[in-house]
Amino acid sequence: MAGTLDFSPDDRYNAFITTCAEAPFGDGPLAGTAVAVKDNISTAGIRTTCGSKILDGYVPPYDAHVVDLLRRAGAAIVGKTNMDEFGMGSTTETSAFGPTRNPVDLTRVPGGSSGGSAAAVAAGLVPMALGTDTGGSIRCPAAFCGIAGLKPTYGRVSRYGLIAYANSLEQVGPMARTVEDVSRLMSVIAHYDPRDSTMLDRPYNHRPSAEVKGLRIGIPEEYFGEGVDPRVGESVRDAIGVLEGLGAETVPVSIPGMRHALAAYYVICTSEASSNLARFDGVRYGPAVDTRKSWHEAYQDLRRELLGAEVRRRIMLGTFALSAGYAGQYYAKAQVARRKIREDFGRALREADVIAGPTMPTVAFRLGEKTDPISMYLSDILTAPANLAGIPAISVPCGRVDGLPVGLQIMGRQFEDERVVDVAFAYEQEVRA
Amino acid sequence: MKTIVGLEIHVQLSTATKLFCGCSTDYRDDEPNTHCCPVCLGLPGALPRLNKRAVEYGLKVAKALDMRVPEESEFARKNYFYPDLAKAYQITQSDRPLAVEGTVEIEDDEGHEKIVRITRAHLEEDPGRLIHIAGGSKYSLVDYNRSGIPLLEIVTEPDMRSPQEARRFLNKLRTILEYLGVFDGEREGGLRVDANISMEGSERVEVKNISSYKGVEKALTFEVTRQRNLLRRGQKVARETRHFVEGRGITTSARSKEEAQDYRYFPDPDLPPLRVAGWVEAIDLPELPVARKNRFMAQYGISLNHARTLTGDPKLADFYEAVAHVEPVLAATWVADTLLGELNYREMSIAAVPAERIAELIALLRSETITDAAGVQVLREMLDACAAGNPCEPPAAIVEREGLTRAAEGEFTQVVEKVVAANPQAVEDYRAGKKGALNFLVGQVMKETRGRADPRELGRIVSEYIDRGGV
């Protein structure tokens, strides 16, 4: 069964940073299946850049746990996909390797930061791909490109080998054209790894079931409020109506902490990032530091030159948020807000079995449309809360607005990834039939 | 002017593997960067996994120092750039350490017992090491073999009042750590100290990274003089960090830039909170130095001084207990005074000495088969053989070969006659009542007979001989 897969995609979308022309594969449930891997996931022997010049030429000496599991399942790892530099963006435009285009409309962004993975799947270059989701980076591009993507419960998939952006928020997750394939890929990657101390031993071995009779779907008003394109809201309400037609019922719920969610999210992710990204100093890997300068000066110059503007902005924000005299106002307060949001979701998910809403407030932006960082950050408003709460969330396509895909987001209780997959599957089966 | 000293001690725990990965800690004498993996090299994506044994070692120390272990402690990141710090942050514990509030008992400068309070003890990882090649190379080299070695940082209250007290505290602490088996005292750089010192009412100075016990006393002694001189001249002591220059025995001001560091501590999101208070009860402590010292005095009837010396190092105490059965008091004298002196002279470890041979030697001394002087001679031969890596001959064989059996009384008459005849001035001095003269004559006889006679007995023989009128 084992062999080599020839892979020479027509990548008009700039979905890949690196492709493997001859990808070896083995036996197993994914034998011979081409899988694309986001370029912030370590692959032994394959360049891993995080979409940044500062890691150009870095070839990891080891596989991330999820990559090891993919290889053992027989998958052919055919390439590394484009992404916003270090995951910092919602459009894949901050990549040092140029933006990725949305296969649905080449003038549009694919979303981000896992835009390369989403575009590769949407364009049919690969049947499935791994993304990572820190504040929506799987679900946003899944919604914009019209595919399915799951952000697992925090602690369900090993982060070992995932190049950290914001450790307390992020998870590796599956992306595919169908919920069934998302679930298949999830079954491969969600296995216990003692090297990730934030992980629980809760393997995912699940076949999706379309049964939703009696399911209580919570509808948070905050997910249909200001800033959400009413036509997007309408598509999502229609999709929820389909689930009601299948026997589910809806209950209104509320997440009052939402108004602090984005602020908390950006303080936490930039704080963690400022620490995580400090190691990129040109000493051990990546383009070498200039040894003729004093080390301090050499680090500064290298980082100024090789890190992009958005990455430098977030490092500075995070450094500030953790500084003596300010940490109490920013980092500590953000943790309080995070706890509040967690509690809000806990309460809402006692009143309902899952929560449904739009994945993104709008459809895909035009390339170059979002120039102001704040308006870019605002687009994470509906996805980041699930990361703050650590709960599973899936995006599944639900209609179009202006010919562009809309995503239905289903969020569930911690470690009930199976349930959000089932609800998305039920919807998908119903509208396909 | 009262001197106030507090210490921060970094102890390398002697676990087999590093604090957050499976790399071996036994890298001494190995090539640089051969005990490394993605975790301790800080490669992108690698995650720390806490070494359970290191936590147990930390808790052992906490229990031995009577510390409280909070229900939950937490690892934090200390962020700073330095080429030897692989991740650009050190995983340590900040607001919520492993253990708090303990005590260590030492002797103060008047010989009274006093308590030094321990503020806290926490786990952290050692950084790598920069190597500067002599001769002005334009490169600094980095060795990450040390990166990730588990450290326990122990912080005291400012309870010491002199450099000597600080040294006694460190000796005491080291002994406890060795008894607990969590620390290898023979490892270079295994224990590093930052010392805070001030004159009462003045600013505090921190002397950083002193890597030996003697260094601590020296650095602090220098600081006492420096600070007192400043104050005597009406100047102020500046609050600052200073470095100890080991070779010159002085401290020098560190650049103020280093003091302005903001480490931006925050909880490490890769490591969940540590809940190990429940482990403490199950930890079995070995008999600690104070208890062992008291037992030695009670069980073997030896002096406080001997008991203190013998229990100052667990290996020495074990050695003593292996030979004490022959005759405890005689064994204490021979091990604590004679043997230890001979070992120090040879820079030998007690581990190189076979206890059963020393027990045999003590048996020969107890049965008065040989004199003390001959005993020393035999001991030296045995130690020289051990030091050279040769098999250690039984003492009885050495006595036999060298003819060192204690002489019977009449055996030396001729020698005594000869020595007395050859030293008329000494004989006269003796008769004039000078005590030293007799010792001199006895010494001469000892020399001639190669220590085979007991000097006290010889003293009696020589004086009787002269008193009888022999010249």
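**Exercises on a predicted two-chain model**

Of the 471 residues in chain B, 41% are classed as buried. The model is predicted.

**Exercise 1.** Find how the radius of gyration of chain B stands against that of a compact globule of 471 residues.

*Solution.* Start with the globule: 471 residues would give a radius near 23 Å. Now take chain B: its value is 29 Å.

**Exercise 2.** Count the helices and strands of chain B. Then state what share of its contacts between residues at least 6 apart in sequence join residues at least 24 apart.

*Solution.* Chain B has 15 helices and 13 strands. For the contacts, the share is 69%.

**Exercise 3.** Describe the side of chain A that touches chain B.

*Solution.* First, count residues: 33 from chain A are in contact with 27 from chain B. Next, find the elements of chain A that give two or more residues: they are α6 (258-276) and α7 (295-306). The largest share, three residues, is from α6(A). Last, sort by class: this side of chain A has 15 nonpolar, 11 polar and seven charged residues.

**Exercise 4.** Is helix α1 (residues 65-72) of chain A mostly covered or mostly uncovered?

*Solution.* A residue is buried if 20 or more other C-beta atoms lie within 10 Å of its own. Seven of the eight residues of α1(A) are buried, so the helix is mostly covered. Among them are H65(A), D68(A) and R71(A). The cover includes strands β4 (34-38) and β5 (76-81) and helix α4 (179-189) of chain A. After α1(A) comes G74(A), with a positive phi near 95°.

Technical notes: Residues numbered from 1 in each chain as written. Chains lettered and ligands numbered in written order. Predicted model: local features only at pLDDT ≥ 70, side-chain atom pairs only at ≥ 80, totals over all residues. Helix = DSSP H or I, 4+ residues; strand = E, 2+ residues; numbered from the N terminus. Rg over C-alpha atoms; globule rule 2.2 N^0.38 Å. Buried ≥ 20, exposed ≤ 12 C-beta atoms within 10 Å, placed from the backbone. Contact = placed C-beta atoms within 7 Å. Nonpolar A, V, L, I, M, F, W, Y, C, P; charged D, E, K, R; others polar.
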